[in-house]
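Student: I should like to learn how to read the features of a structural model, one at a time. Could we proceed by question and reply?

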Amino acid sequence: MIDWVGLNEEQALAECVRMKGAHAKRGVATGAPAAVALPRRLWARLVASAAISAEATWADVSKVQLRALARALCATRVLAAGKDMNKDEFVTAGARRGGRWASRSCGYGR
């Protein structure tokens, strides 16, 4: 499972409810709330996984759909099967700190 936002489900739901109240006429799929800050394509896929149409506004979204969206933000299930081209290698993403890229696994940039 992937937690995209670092919030628990209730916090994510509260952010979605806040968006529904503050931006009722805005399209849901047009962009993630500022507190969530996800890339547009990922946000659009998560919105679609919550059974919310691409044309829906925040006012159109039901409580059930809001809960499904919050669940998708906090616990997306991803299936993986087989090996990829890296075979047994596993690469962890680095984080940018102070203008340099830092790798969590190798300690570069410390």
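Student: Are Trp-43 and Trp-58 buried or exposed?

Tutor: This is a predicted model, and in it both Trp-43 and Trp-58 are buried. One aromatic pair is found in a search of the whole structure. Trp-43 and Trp-58 form that pair, with 6.4 Å from centre to centre and 35° between the planes, a tilted arrangement.

Student: Which parts of the chain does the pair tie together?

Tutor: Trp-43 belongs to helix H2 and Trp-58 to the loop between H2 and H3, so the pair links parts 15 residues apart in sequence.

Student: What does Leu-69 contact beyond its neighbours in sequence?

Tutor: Leu-69 is found in helix H3. With neighbours within four places in sequence left aside, its contacts are Cys-16, Trp-43, Leu-46, Val-47, Ala-50, Ile-52 and Trp-58. Leu-69 has a relative accessible area of 0% and is therefore buried.

Student: Which residues of H3 are buried, and what covers them?

Tutor: An α-helix has 3.6 residues a turn, so residues three or four places apart point the same way. In H3, the buried residues are Leu-66, Leu-69, Ala-70, Ala-72, Leu-73 and Cys-74. Their cover includes H1 and H2.

Student: What span should H3 have, and how far apart are its end C-alpha atoms?

Tutor: The twelve residues of H3, at 1.5 Å a residue, should span 16 Å; the end C-alpha atoms lie 17 Å apart, which agrees.

Student: How many disulfides does the count come to?

Tutor: A disulfide is a covalent bond between the sulfur atoms of two cysteines. The count here comes to zero. For Cys-16, the closest cysteine sulfur is that of Cys-74, at 8.6 Å, which is too far for a bond. The cut-off for a disulfide is 2.5 Å between the sulfur atoms. Cys-16 counts as buried because its relative accessibility is 1%. Cys-74 is likewise buried, with a relative accessible area of 14%.

Student: Where does Met-19 lie, and what does it touch?

Tutor: Met-19 is found in helix H1. It touches Ala-24, Arg-26, Pro-33 and Trp-58, residues up to four places away in sequence not being counted. Met-19 and Trp-58 are 39 residues apart along the chain, and their C-alpha atoms are separated by 7.1 Å. At 2% relative accessibility, Met-19 counts as buried.

Student: Is Glu-15 buried or exposed?

Tutor: The reading rests on relative accessible area, with buried meaning under 20%. Glu-15, in helix H1, has 11% relative accessibility and so counts as buried. Apart from neighbours within four places in sequence, Glu-15 is in contact with Pro-33, Ala-35 and Val-36.

Student: What is the phi of Ala-51, and where does this residue lie?

Tutor: Ala-51 has a phi near 60°, a positive value in a residue other than glycine. Ala-51 lies in the loop between H2 and H3. With a relative accessible area of 57%, Ala-51 is exposed.

Student: Which elements make up the protein as a whole, and in what order do they run?

Tutor: The protein has three helices and two strands. From the N terminus on, the order is α-α-α-β-β. Of its 110 residues, 28% count as buried. Among contacts with a separation of 6 or more, 61% are between residues 24 or more positions apart.

Terms used:
Residues numbered from 1 in each chain as written. Predicted model: local features only at pLDDT ≥ 70, side-chain atom pairs only at ≥ 80, totals over all residues. Heavy atoms only, no water. Contact = heavy atoms within 4.5 Å. Helix = DSSP H or I, 4+ residues; strand = E, 2+ residues; numbered from the N terminus. Buried < 20%, exposed > 50% of the residue type's maximum accessible area, 1.4 Å probe, protein only. Phe/Tyr/Trp six-rings, centres within 6.5 Å; stacked < 30°, edge-to-face > 60°. Expected span 1.5 Å × (residues − 1).
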